[in-house]
Amino acid sequence: MKKVLVLLACVALILALGACGNDLPGKNVVNPMKEFDTPDFTSSTGFKVDAYPTEFQLDSCATVADKIGQMMFTIDGGKVTFRMAATATNKNEDISGVHGEFQEVTTADIAGVPVKLSQTPGELGKAEWQKDGYDFSLVVEKPGERGVPELAQIFIEKTVMSPVA
């Protein structure tokens, strides 16, 4: 009898939790991500990436909330997220999508651009900079042979943006 009561209590709990769901009456949950075949984000953000480091495998392109462009790469076997947003509309917000504590935070001049480097050695690294009217972030999961500063330099030197007229 005890087993039956416990089983009924579990079923009631599962049904109650299932009824909670994510949908609220009258509210639509909208995914802020839009997938793109190429980094031409003009229909969403008003800009496109004309040039980027093509020596790396580009896995996907997307926008976030019609404001941020995102390109995902595989580099040295690890995942790298490259994001960009127009500085005028960004309001100095962190566009990286990675927030939290890092063991090391420094600023360095890389390719003539001041870059904020945030790293937890062997785990996660992030570089943030502004150039030519755009904010950029580069997030490197488990940096391999190339460190975050080296990758930041490659992306700074090879990325060319253009706004839509």
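**Exercise 1.** Leaving aside its neighbours within four places in sequence, which residues is W129 in contact with?

*Ground rules.* This is a predicted model, where local features need pLDDT of at least 70, side-chain atom pairs count only at pLDDT 80 or more, and totals for chains, interfaces and linings use all residues. Residues are numbered from 1 along each chain as its sequence is written, and side-chain values use heavy atoms, with hydrogens and water left out.

*Solution.* Start with the cut-off: contact means heavy atoms within 4.5 Å. Now go along the sequence: W129 touches F82, then V113, P114 and V115, then Y134, D135, F136 and L138, and finally A152, F155 and I156.

**Exercise 2.** Find the residues with the most contacts inside the largest nonpolar core.

*Solution.* Such a core is a set of buried (under 20% relative accessible area, 1.4 Å probe, protein chains only) Ala, Val, Leu, Ile, Met, Phe, Trp, Tyr and Cys residues joined through side-chain atoms within 4.5 Å. The largest one has 30 residues, and F82, M84, W129 and L138 have the most contacts inside it. Next, see who contributes: α3, a helix (a DSSP run of H or I, at least four residues), gives the most, with six residues.

**Exercise 3.** Which parts does the E55–K158 pair tie together?

*Solution.* First, the side chains of E55 and K158 meet in a salt bridge at 3.0 Å (a Lys or Arg side-chain nitrogen within 4 Å of an Asp or Glu carboxyl oxygen). Then place them: E55 lies in the loop between β2 and β3, and K158 in helix α3, so the pair links parts 103 residues apart in sequence.

How values were computed. Buried means under 20% relative accessible area, exposed over 50%, partly exposed in between (1.4 Å probe, protein chains only). Helices (H or I, at least four residues) and strands (E, at least two) are DSSP runs, numbered from the N terminus.
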